[in-house]
Amino acid sequence: MAEHIVDAALSSADAAHETRFYLGDQYVVFNYDADRVRDGVHPVAGLGLGSPFSPDGVGQSFDAALAGRKQFGGTGYHFRGLQYARFDLDALTGDPSLSDLAGWRLPAPVSQGVEAAFNGRAPTRDGKTYFFRGGQYARYDWGQDKPDDGYPKPISTMIGMPAFFAAGVDAAADGEGAFTTAGYLFREDQYVRFDWTADANGEPHASGGVRPILESWRGLVELLFAGKAKTQAQAWTKAAFEQTTNYLELLAGTAPFRFNQSVFDTALATHFHVAATAPTSEKATTVSRMQAGFSGVSTTLKESPARFRYRTDSEAVSLDHSDSPPAAAYVTPDGMISFTTAFARRGPMNRAASVLHEAVHVFDPESGKPTTHIPEWYVTDAAADALGLGHEPNHADLATRYDLMSTADALHNPSAYAAFAQHVAIGSDTRFGEGHHDQ
């Protein structure tokens with residue numbers, strides 16, 4: 001099964017020609033006029049919706065979303081389980097109160113929870129909306145404010161619908177701007193276009209077959225995955241910050257022991273090269289500086305609406321003077337973290353490690369030197385054997401091996417922060433960075 005990409009999609013006010021695409025507790029905005037994603041990754045918690053529609057941490061935010069039509073135009077709806085929340089599309093503010101899905105009077109099985117929804121458009125289905133659950137869909141009339149009779153029906157009966165979508169869809173989106181007469185259904189890493197213009201029999205229909213989202217929606221997958229990676233990186237960073245706090249309290253004798261000291265000591269020695277037998281003062285100084293670094297990471301990740309951006313490969317080379325082919329993620333002198341298509345092709349844990357890594361580059365000008373920018377996979381042969389990594393030949397641009405770094409240099413090494421955070425959060429030395437693209 002391919003990786004899930006879209007949880008839900010909500011059109012903006014009609015004149016904007018934009019749609020919010022949600023994945024987990026983050027969202028991005030796709031602009032149909034530019035036919036690409038807008039820069040920035042945003043937290044769902046900032047929409048002003050009530051709990052549990054404003055998640056904080058790993059998890060799915062919505063099952064579906066939908067923009068109202070007819071007399072309900074200007075209102076968006078977010079669905080989760082048996083509840084929904086309203087959103088003012090003009091004021092861009094959420095309603096913290098929740099309502100029951102039962103008020104829509106949808107037929108079973110859609111009445112048990114909406115998994116996707118989109119609107120019909122002129123000339124054939126203006127004023128209708130379609131709700132999906134499992135392999136079934138129901139149709140709703142906005143003008144009459146009630147479901148149409150004769151539903152649900154199997155998705156497979158929609159004209160031209162590929163078999164891949166017959167069992168169900170993850171999300172649906174309304175086309176906007178030049179794409180107003182189209183709607184889109186998403187499942188896993190694929191999508192199908194649905195045309196509201198009539199076919200030869202006078203009916204709307206799916207067209208074009210199954211297509212990959214990544215190759216068709218410029219920047220959408222890249223930034224949605226950057227948001228998902230950000231959430232995981234934040235969880236690792238939070239664990240690292242809490243454990244460094246506990247360790248400093250333990251050294252000062254001011255707090256009870258609340259974590260696995262053996263794991264922490266091992267991680268401290270492995271990634272920042274401070275032995276368990278080192279003097280307390282040395283440990284305290286190093287861990288305090290580490291904690292400041294993790295605080296910087298946390299601040300940077302919270303700035304993803306302004307710092308995260310999408311770059312095509314050609315843009316990365318021409319605008320940012322990056323290598324060709326460009327890196328999956330990289331930081332430019334203006335403090336922006338750019339994501340290319342290579343980032344989307346990596347595994348979720350690798351992407352999270354990459355986001356944490358790049359966050360360090362944003363605030364630490366010493367982090368890119370040959371003595372400090374040492375990958376966690378560039379280790380001596382003995383360390384590689386212990387970790388199950390391959391042996392790496394000498395790299396002329398790297399001053400030393402990861403396991404031979406000094407503490408002073410490790411404190412500026414983005415890979416050290418990423419690997420340490422994973423180590424203490426997971427409880428073992430699991431390195432998801434550059435050497436493990438598929439994880």
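The following exercises, each with a worked solution, concern a predicted model.

**Exercise 1. Describe the sheet that contains strands β16 to β19, and state which strands stand at its edges.**

Solution. Begin with the strand order: four strands form an open sheet that runs β16-β17-β18-β19, and the pairing is antiparallel. Next, look for strands that pair on one side only; these are β16 (171–174) and β19 (205–212), the edge strands. From one strand to the next, the twist averages 20°. Finally, examine one pair in detail. Strand β17 (residues 182–187) is joined to strand β18 (residues 190–195) by six bridges in the antiparallel sense. Within this pair, Ala182 lies opposite Asp195 in β18.

**Exercise 2. Determine how the axes of helix α1 and helix α2 are oriented, and which residues make the contact.**

Solution. Two packed helices are described by the angle between their axes and the distance between the axes. Here, the axes of α1 (residues 220–252) and α2 (residues 261–272) come within 11 Å and cross at roughly 105°. Angles of 65 to 115 degrees count as roughly perpendicular, and α1 is therefore roughly perpendicular to α2. The contact is then assigned to residues: α1 contributes Gln243, Thr244, Tyr247 and Leu250, while α2 contributes Gln261, Phe264, Asp265 and Leu268. Sorted by class, the contact of α1 with α2 comprises four nonpolar, three polar and one charged residues.

**Exercise 3. Characterise the largest pocket by its volume and its lining.**

Solution. The volume of the largest pocket is about 950 Å³. Its lining consists of 34 residues, of which Ala327, Ala329, His357, Glu358 and His373 are the closest to the centre. Assign the lining to elements: β21 (329–331), α7 (348–363) and α10 (414–426) each supply at least two residues. α7 gives the most, with seven residues. By class, the lining has 13 nonpolar, 13 polar and eight charged residues.

Key:
Residues are numbered from 1 along each chain as its sequence is written. This is a predicted model: local features need pLDDT of at least 70, side-chain atom pairs count only at pLDDT 80 or more; totals for chains, interfaces and linings use all residues. Side-chain values use heavy atoms; hydrogens and water are left out. Two strands pair if DSSP finds at least two bridges between them. Axes are lines fitted to C-alpha atoms, for helices over the stretch in contact, and angles run from 0 to 180 degrees between N-to-C directions. Angles under 35 degrees count as roughly parallel, over 145 as roughly antiparallel, 65 to 115 as roughly perpendicular and the rest as oblique. Contact means heavy atoms within 4.5 Å. Ala, Val, Leu, Ile, Met, Phe, Trp, Tyr, Cys and Pro count as nonpolar, Asp, Glu, Lys and Arg as charged, and the others, Gly among them, as polar. On a 1 Å grid over the protein atoms alone, a cavity is a set of points where a 1.4 Å probe fits but cannot get out, and a pocket is an open set with protein on both sides within 12 Å along at least five of seven lines; lining residues have an atom within 4 Å of a point. Grid points are joined across faces, edges and corners, and a volume is the space filled by probe spheres set on the points.
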